[in-house]
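Here are some exercises to work through with the model in view. Try each one yourself before you read its solution.

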Amino acid sequence: MDILTLFIVVPIITIVVLVFSKGLKQARIISLVGSLVQLGMAINLVFAYFREREINQDIMVFTKDAVWFKTFNIHYNVGVDGISVALLLLTSIVVLAGVFISWKMKELPKEFFISLLVLSTGVYGFFISIDLFTMFVFYEIAVIPMYLLIGIWGTGPREYSAMKLTLMLMGASAVLLVGILGIYFNSNADGGALTFNILEIAQVNIPFEAQKLFFPLVFIGFAVLSALFPFHTWSPDGHASAPTAVSMLHAGVLMKLGGYGVFRVAMFLLPEGALTWSNFFIVLAAIGVIYGAFGAIKQKDLKYINAYSSVSHLGLVLFALLMLNKTAWNGAILQSLSHGLMTALFFALIGMIYGRTGTRDITKLGGLLKVIPVISATYVIVGLASLGLPGFSGFVAEMNIFVGAFQHEDLFHRIATIVSVSAIVVTAVYILRVVGIMLMGPVKNKKYLTLQRVTWYEKTGIMLLLIPIIGMGVAPLWISDMILESLQPFIKGLI
Amino acid sequence: MEKYIFYILAFSMIAFAIAAVNSRKMMRSVIYLLFVLVGIAGIFFLIDYNFLAAIQLTVYGGGVIVLMIFSVLLVHHIELELTLAKTSKRIIAAIVSAIGIGVFLQIIYTYDFPVVENYKTTSTADIGEKLLSYGDGGFVLPFEVISVLLLAAMIGAIVIAKGKKI
Amino acid sequence: MDIRYIYLIPFIPLVVFLLLGLNYKRIKPSVSGYIGVFGLLVSAVLSYYTAYQYFFVHGKVNGIYKPIIDRHVWMNFTDSLAIDMGLYIDAISVMMLVVVSTISLMVHIYSRGYMKGDDGYTKFFAFLSLFTFSMFGLVLSTNLFQIYIFWELVGVSSFLLIGYYYTKPSAIAAAKKAFIVTRFADLGFLIGILIMGYYTGTFDFETLNNPEGSAILNWASTSFMGLSVITWGLLLIFVGGAGKSAMMPFHIWLPDAMEGPTPVSALIHAATMVVAGVYLVARLFPMFYFVEDGFALSIVAYVGGISSLFAAVIAITQTDIKRVLAFSTMSQLGYMMMALGVSGYDGHEGVGYMASMFHLFTHAMFKALLFLGAGSVIHAVHSNYLKDMGGLRKYLPITNITFLIAALAIAGIPPFAGFWSKDEILVAAFENNQLLYYIGVFVAGLTAFYMFRIYFGIFWGKEKHYDHPPHESPVSMTVPLMILGALSVVVGFIPFSEFVTPDGKGFEAHLNYPLATIAVTVGIIGIALAWVFYKKENNLADTYAKRFGVFYKWAYHKFYFDEIYLFITKKILFNGVAASVALFDKKVVDGTMNQIGNKTVFTSEKIKGIQSGKLQDYALAFVGGVVVLVMIFIYFWTE
Amino acid sequence: MIAGISIYEILTLTTLLFFIGVYGFITRKNLISILISVELIMNASVVNFVIINKYLYPDVLQGVLFSIFIIAVAAAETALAIAIIINLYRQIGSVEVDATETMKY
């Protein structure tokens, strides 16, 4: 079997095995093995990719094509470039960390892990597809389990949140489907057959009118998943209600589908539409950046803070994508990766704190640095990473975005850029606020003095996420160049 | 002559049909229906489909109407007056029906039917032959299916009507 | 010259940091102290060796000190723009290496005594190492982005060290304030960098600073609001520098930063990190000087001059000795900025630049000494406040002597180090800008006055009641004091003008006797006034304070800068913008989304009666629908 | 064929019967009455089959045969319907439509 299809097959095998498992112990061991294999495959894929790249200069490598539904020319068509490779690696890391964090899942563990793996299957499938229809199918596969995961294993108003999340994402995907069909029915503009294949459509000159019409549909359809202002409200509620591992996976990986989709479908296939619409969406994205940051300042619930910070950070991803140049795009992808790791780690830590203290309200917490030093210190480190401290992945990404954004000389772009850049100060404010109130200061509650120290599986989860964050921050050259190289064919459409 | 017979039949059928759907006495309704059905049999006679007319009389006039009368007697008091639907609903239904009639008739009258002048008589033998033939245009398969259906309906009717007390 | 060994200078502290930080629980405090000190010692020796190599062996080519550069690509932005990591060895970076390693070494040694018995002993040394690493990285940077990276890192180490006593709310607040204020200034820095990167096409100091290079020659190519964009870039970069160097109006974090342990204040908030802003301006000095005829540079000069005056006035009124020192630091930093601002470029014209760097060098020594001495005093009496001190000269003889030396040095009394550097600054100011010269002289007097105010307050005057008799600090603390004391005397005799000049050519500096006499006289007057006011317990000071009335009160409250900032952040940003954004999000954005959902439910609730379950209604709808459709298809849909 | 009567008249008759049935189906509230209306509708269509067969395609018998089938099915259906009505009467004591609304919503 080819190296990419395995990414779908392995989770499915894991799921099948899980169905026959009994109890928490078996379930988590099986999921652990499954996700370890995935991580192994992802790492192997990185090396295989570099080897392949030397002899193969196509846009996508490891392509595989099988007819799926002939009448509409739907194919199961997979392939990767540097961007998908990076995102696949991210996914496998977050999934594995998610399994570790869910080590002590109490209720319905088997079903929980099954849903988790279904979600990851969808995500893997999305990242490797180069057929629009297949991509869309995988997207839906990834979104649906969220409903169950939040609705069943969540906390607080979970049905409400699950419903809100699912409905908003479904609404978006309805818009997206229209956009995709629009692309499909214009894919024979130069003669030839209708096709869903991204690479083939990219060769076609879709008429300008169609691009103008369908770009916003596709963009919004994907960007809602990336919490584009004003369609972001599902994210705070959804995250707050979701169980830890789900928040991790959701913020860490699922929300990246949005940016990736925007890049891969909207920008690549509809470049003229992108040029026409970019200014409008830049405004929205820049508002999202600063708005999310200010929104986070006033929140008290840790998960809400983080959710708003995600709005801000992912707003930056969309902002960068709309800048339509290589540097900014590179930054967008790096920011996706970096944010994926950081938020996943944030949510993992929040889960640990919540599991121990039973509250996520920062005003009730205090002095945690003294009682759970490892978790708290990690929180500080991730916080610093999140506010873009050099030496961590966020800095690398943000600098790429800002330098990229600065390539536009007109006043509009300048102002938008400066607005977005200024979010780094606001980010510092809300991060330090949490650090100051929750981690530092005197211990507020005697009960906290006896909190359980960090356990080995939590530590493993933390390390899994922290090492890549630092790795990317200290030595960004290889991953940045891998992405930069893959961006080359995409930028052509815009020039 | 036939013409007048037809008109008499037609008008009486329409009158009885209207009476059947408007009568507030259950039993009368059923009897009015019987007249309509007999009228239809009459039309079958007029166009020389004697066998069909006979079936119409036996199955409907004999079987169905008797069944209905029995059921009415079982579930109903003879004297009971039926409640009528709300006037608004009746008006709406009447309007819809009227429009429907109008549309249908308009379509019918604007279409030029390719009528073939003929006064053939169809014998029962022809029908039986056709019904049991398995060659081209034979109806033996539907015939068998309908017999199975009738059997199934019979059993079903018995089981349902018997209720729980088996 | 193979300079790759210099990479070891920053990397040794980094290794020490990782070693101590990751094995935080496992290493015994005593061991970790030794590890820290030893690591720094190696770095220091290497720094001295580098200085020797650069200044006396390899640096000079044809009589000019040329930078020696080694760099590697770290990340590519575009085809032409990239971030490099590397070494930039020239006169000022080597000088800074010496300063940082010396002070850091002294502080490390001192901390072994000062922090003894503290819970986070190992953590403290880890953070110190982290800071030292970042600071080395900063001074060795080859380009704007590298300097920005380490700039942020020193910021965060400063944050960690100010918030070292993390259970103390004031320390947390101070740490947060320091980080956020400098971060805000760094925003300007970053935008400045982006401007420079875009309009000059490079981040490299070497290219930017080349007087014949395109970056400087083409400054006028694009302009924005009447100024060249390059000037804007420089001004924004200077904003970053002002943030770190606590210039007006970004100075508010520095006094609060004194919440950190005293050795930290000595290292970070007196000698090294805060001079990063001065260093940054010096680093880009040719750009500042040549672009738009030094418009940006004149701004630097005025900001420096005003800050120095402003801080000196406040310093007189403060009662917390560390805060007095903090304002003194700010004032001296303003001096350095001012000196840079009034400097020229060629030959003897560059005296301001030289003086600024010279003052940076000497200031690092005596200010660190002052802080460490203050630490020693605080260690003895367990208070920061002047009112709890007095007559300590008997108990703390070594501290007394060294503090006196430092105070004389900062007051500019010959032959101590401060005299020489301050004199050069005043010369430069006198030659270029008379107004700034008078400010400088006035500040010199104020400096002498407030410094001797606390000196007399601490070591002379009436003895206060102490819970236990104060005693001299342990050897580990006094040795650094003595070493720094000695240095404060001798470093003034280094012929700085031979080594550190804007254009790399050395020149002969002469003492300007008239100006020197004036400066010294002013200093002595300041000391004498302090003698009168504070030598003996009397109420002269209070009387005069009353006489100044409102002005005194304003100065005592630091001219209400904190309150203004607090108002802006708390009232406007926090309660105004953030709260309204949160409310807007909840009510309007989320409300809209919820309303869409609610309306859908509502509508379905309303129309669900249609789906009544009554067969006849369905039949009616069906028949009606059929009729309507038939009508549509027959009568209206006729093509 | 009926002498003097064209196909139009007959079709008019069946149309009227059909819609009278429809009207009855919609307005009556008693299940048996509804059944009566259904019979009307059914018979109207049976006549249509036969008439069209006779007038347009006299050589074949498809219409007639279909009518026979329809009559058979109608008979079966009536039997079943009556069975259900009787059962329903036993269960809830009523054969009014309004009484049988449990399938609503």
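**Exercise 1.** Which residues in α13(A) meet which residues in α18(A)?

*Solution.* Before starting, note that this is a predicted model, where local features need pLDDT of at least 70, side-chain atom pairs count only at pLDDT 80 or more, and totals for chains, interfaces and linings use all residues. Residues are numbered from 1 along each chain as its sequence is written, while chains are lettered from A and ligands numbered from 1 in the order in which they are written.

Step 1: Find the helices. Helices (H or I, at least four residues) and strands (E, at least two) are DSSP runs numbered from the N terminus. In chain A, α13 spans residues 326-357 and α18 spans residues 456-474.

Step 2: List the partners, where contact means C-beta atoms, placed from the backbone, within 7 Å. From α13(A) come A:Leu337, A:Ser338, A:Leu341, A:Met342, A:Ala344, A:Leu345, A:Ala348 and A:Met352. They meet A:Glu458, A:Gly461, A:Ile462, A:Leu465, A:Leu466, A:Pro468, A:Ile469 and A:Met472 in α18(A).

Step 3: Sort them by class. Ala, Val, Leu, Ile, Met, Phe, Trp, Tyr, Cys and Pro count as nonpolar, Asp, Glu, Lys and Arg as charged, and the others, Gly among them, as polar. This contact has 13 nonpolar, two polar and one charged residue.

**Exercise 2.** At what angle do α13(A) and α18(A) pack, and how far apart are their axes?

*Solution.* The angle is about 155 degrees and the axes are 10 Å apart. Axes are lines fitted to C-alpha atoms, for helices over the stretch in contact, and angles run from 0 to 180 degrees between N-to-C directions. α13(A) and α18(A) are therefore roughly antiparallel (an angle over 145 degrees).

**Exercise 3.** Which pair of chains has the most contacts among the four pairs that touch?

*Solution.* Step 1: Chains B and D hold that place. Their contact involves 59 residues of chain D and 72 residues of chain B.

Step 2: Look at the side of chain D that touches chain B. Here α1 (7-27), α2 (31-56) and α3 (62-92) of chain D each supply at least two residues, and α3(D) gives the most, with 21. By class, this side has 42 nonpolar, twelve polar and five charged residues.

**Exercise 4.** How many residues do chain B and chain C bring to their contact?

*Solution.* Chain B brings seven and chain C brings seven. On the chain B side, six are nonpolar, one is polar and none is charged.

**Exercise 5.** How far apart are the nearest C-alpha atoms of chain A and chain B?

*Solution.* These two chains do not touch, and the distance is 36 Å. Chain A and chain D also have no contact, with their closest C-alpha atoms 22 Å apart.

Key: Angles under 35 degrees count as roughly parallel, over 145 as roughly antiparallel, 65 to 115 as roughly perpendicular and the rest as oblique.
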